[in-house]
Amino acid sequence: MTVDTDVRPLVSMRGITIAFPGVLALDGVDFFLRPGEVHSLMGENGAGKSTLIKALTGVYAIDAGTIEVADEQRDFSSTADAQAAGISTVYQEVNLCANLSVGENVMLGHEPRGLLGIDWNAVHRDAARHLASLGLDLDTRSPLASHSIAIQQLVAISRAMVLDAKVLILDEPTSSLDRGEVDQLFAVIRSLRERGVAILFVSHFLEQVYEISDRITVLRNGALIGEYLVEDLPREALVTAMIGRELDELSALSGAAERTIDRAGTPVLSAEGVGRKGVLEPADLDVFEGEVVGIAGLLGSGRTELVRLLYGADKADAGQISVAGERAKMHAPRHAIDRGIAFSSENRRAEGVVAELSVAENMILGVQAQRGWMRRLSKTEQDAIVAEYMEALGVRPADPTVPIGTLSGGNQQKVLLARWLAMQPRLLILDEPTRGIDVGAKADIQRKVAQLAAEGLSVVFISSELEEVLRITQRLVVLRDRRKIGELDPTEVDLDGLVDYIANAGHTERSATR
Amino acid sequence: MTLLKHRLFWPVAALVTLVVVNVIANPNFAKVTMRDGDLYGNPVTILRESAPLMLVALGMTLVIATRGIDLSVGAVMAVSGAVSLTIIADSPDPGSLGTVTVAIVVAVLVALVLGAWNGFLVSVLGIQPIIATLVLMLAGRGVALLITGGAITTVTSAPYKFLSNGYLILLPVAFFIWVAVVAIVALVERRTALGMLTESVGINPEASRLAGVRSRGIILSAYMVSGLLAGVAGIINASNTMAADSNNAGYLIELYAILAVVLGGTSLMGGKFSIAGTVIGVLTVTTLDKTIQFFGVPPAQSPVFFAVVVVIVVLVQSPRVHAWGRAASARMRRTPSGGEPPTGPGAASAAKKREEVAA
């Protein structure tokens with residue numbers, strides 16, 4: 001489907017300016033969204049994407065500029081105003097009621113009524129109809145929480161359709177979906193586009209942006225860089241537009257895989273047959289000094305489950321773990337920390353940041369917890385840690401006294417990395433450290449990991465982006481269906497080979513052993 | 001403007017307003033007189049009578065910071081009063097300093113154990129705080145009655161009476177007790193890392209666990225401190241009347257303590273807490289209590305009067321009400337001049353953003 005540039009925009013945002021204390025978040029940005037198009041908003045963290053979306057959804061009022069929806073000027077002072085104008089949003093973290101049923105969620109606030117109040121049969125019938133129109137066949141009486149995040153997102157989209165949305169905003173909808181789920185979501189997006197819905201899509205996955213978008217608008221530092229048709233904007237040009245400099249940084253790391261690791265000595269961490277019933281089949285894993293071990297596999301393959309068992313975040317019911325040759329009991333995170341292991345969870349918001357505490361407090365939290373409450377870090381010690389990592393990781397804004405919750409995702413991730421590095425671990429486990437963050441921050445984090453590994457730190461690195469895993473690891477452990485299926489040398493396999501291995505090796509191996 | 005944004009601005013403003021209203025209504029409210037080298041008058045009485053609520057609210061602040069609540073404080077007060085007075089009543093020499101010391105130490109230890117029980121239920125067994133502490137709230141007064149044998153134990157003991165009714169330099173002993181306890185708690189929380197770790201556990205328990213914070217110990221300690229301080233409060237309360245009234249000692253004090261904590265700006269959601277805020281919150285509640293007496297509100301209507309004032313105070317402190325106020329005044333300024341609005345369409349939004357930044 002080609003986009004006709006002459007189509008009248010459904011949404012016209014002109015000269016949008018929003019200032020926060022001390023920061024100009026948006027500076028006279030124009031943005032147009034046309035019916036029947038998928039329009040991607042691209043930019044690094046802090047470029048102003050979220051702010052622009054929040055202006056369009058009525059979360060923030062604008063300081064200057066105009067917003068027109070369907071040729072009518074709007075002054076959104078609340079999210080309800082935006083919704084009334086036909087603008088619906090599906091966020092990265094699904095904001096539905098997990099404890100209600102699928103049907104109740106879809107129809108929430110629009111329940112058909114009968115003589116005796118809500119007609120529940122009609123609620124579920126209508127919900128099923130809305131879901132079916134998006135190609136979903138779900139039990140509408142099942143609790144929402146019993147479904148995967150992907151399904152929950154599709155339910156959220158169905159809900160937007162119940163609200164008769166003309167504009168649908170999808171903010172990082174794919175960040176926790178696997179490939180099949182992304183395909184399902186994209187099928188839904190395409191069918192909505194056919195119906196003339198204007199779709200604003202935000203994702204950090206370049207491939208997905210190119211796969212689904214008709215048009216791309218790029219922001220940088222709160223300013224508009226340009227609006228392009230997808231076919232006019234090659235990938236390199238997009239990345240250059242986003243970060244404003246040629247990005248050789250990621251490819252500069254490509255030497256990491258060739259670094260040779262001495263695997264003769266005692267491994268820093270050695271796991272034998274570590275597993276947990278219903279979570280992960282017993283698996284072995286050795287990590288040597290200065291080695292970056294990548295764990296590859298699809299979402300739900302057991303990647304996160306494996307490292308959580310290694311860290312003691314969940315208790316293993318099988319196998320044993322040794323650290324530097326010594327048997328170690330990992331029943332709680334503290335046991336792992338005491339042995340020099342640090343773990344950065346994939347779930348930054350729920351398991352990483354302590355939102356209302358300051359950046360500085362978040363950075364020193366790990367070290368302080370290790371020392372115990374009696375031995376408080378002195379102001380000088382705190383300042384030294386904070387200054388070192390603010391600088392080394394380039395945290396923005398450079399003010400350590402602000403609550404971490406006010407930072408962008410990429411900067412929060414840097415602060416969390418600092419928390420773990422400040423504890424000077426010998427093994428650092430990073431679960432999806434670069435998810436949902438921009439290219440620049442991603443390069444910063446990858447570079448730091450490569451540098452620390454070269455200095456002797458051992459790292460276990462999980463990422464959904466297989467290219468990233470291939471680029472910075474020296475060994476790959478592949479999981480599939482909650483089982484370790486093998487190890488690969490990243491210098492001997494390319495992206496296609498790895499994908500093929502993940503997809504097929506498990507089967508062949510399994511049938512071979514039978 | 002920076003003063004307006006300080007987190008204690010509105011709590012202090014509420015307290016000052018309350019005092020000013022009283023003084024305007026009757027200048028005698030603030031009158032302090034010197035008698036036999038001691039100070040007397042309403043302000044002194046407020047400082048003295050704040051003691052039990054102050055101690056209880058202080059413990060409650062720490063418990064609330066961990067996302068918890070301690071409903072048992074009133075019952076713990078009753079137990080501690082019953083224990084101490086029973087020991088004194090049963091001793092051959094109720095007036096001796098030794099007897100009183102033993103009575104106080106035992107009562108405080110019992111309260112500490114009760115606090116530890118609450119903490120055990122919450123942090124080890126994972127029972128919801130409101131249910132876990134409800135157990136002791138309901139059972140505690142029964143235990144206290146058991147200790148006193150169902151009667152109201154009364155004693156005569158000069159050293160014990162001194163705690164609530166005595167004077168040190170110019171001011172009541174009870175005042176010095178709460179000042180000392182506030183100072184100790186503030187020092188322990190802020191000079192060690194306990195305060196930060198408590199806030200961390202309250203804001204995000206799972207992130208704290210993964211960062212290696214010993215949250216179990218921190219939560220346990222909060223309930224133990226709450227029990228301990230409720231025990232001290234129970235002793236001061238019993239010393240005031242010199243009677244262990246198991247049914248009425250500390251009656252409903254848990255709710256007043258929660259009120260004081262919230263008035264002081266600590267969120268019931270847990271996390272960030274303010275000890276100075278709680279001190280102001282308690283003084284506000286006690287002053288309000290005195291106001292009711294001073295205005296001669298009939299006892300039957302005093303709860304209504306109390307409630308109305310609390311609602312006003314809470315509204316005055318609400319960030320949302322502030323935002324409405326700013327938006328309204330911006331509209332007022334805009335309409336008569338007829339010109340361009342000074343800040344564009346952003347007056348309300350600026351307020352909203354400030355709110356978010358503050359949050």
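**View 1. Confidence along chain B of the predicted model.** The model scores ipTM 0.81 and pTM 0.75, and chain B averages a pLDDT of 88, with 92% of its residues scoring at least 70. Within chain B, confidence is highest in helix α4 (residues 51-65), at a mean of 97, and lowest in helix α17 (residues 346-358), at a mean of 43. Over residues 337-359 of chain B the pLDDT is below 50, although this stretch has 31 contacts in the model beyond near neighbours in sequence. Where pLDDT is low, the predicted coordinates should not be read in detail.

**View 2. The side of chain B that touches chain A.** Here 29 residues of chain B are in contact with 34 residues of chain A. Among the elements of chain B on this side, α10 (194-203), α11 (205-210) and α17 each supply at least two residues.

**View 3. Two residues of chain A with positive phi.** Most residues other than glycine have a negative phi. In the loop between β4 (64-69) and β5 (72-74) of chain A lies A:Ala70, whose phi is near 50°, a positive value in a residue other than glycine. A:Ala70 counts as partly exposed because it has 15 C-beta neighbours inside 10 Å. A:Glu172, which is found in the loop between β9 (167-171) and α6 (179-194) of chain A, has a positive phi of about 50° although it is not a glycine. A:Glu172 counts as buried because it has 20 C-beta neighbours inside 10 Å, and a residue is buried if it has 20 or more.

**View 4. A cis peptide bond in chain A.** Most peptide bonds are trans. The bond that joins A:Arg396 and A:Pro397, however, is cis, with an omega of about -5°. A:Pro397 lies in the loop between α14 (379-393) and α15 (409-422) of chain A.

Methods. Residues numbered from 1 in each chain as written. Chains lettered and ligands numbered in written order. Predicted model: local features only at pLDDT ≥ 70, side-chain atom pairs only at ≥ 80, totals over all residues. pLDDT = per-residue confidence, 0-100. Helix = DSSP H or I, 4+ residues; strand = E, 2+ residues; numbered from the N terminus. Contact = placed C-beta atoms within 7 Å. Buried ≥ 20, exposed ≤ 12 C-beta atoms within 10 Å, placed from the backbone.
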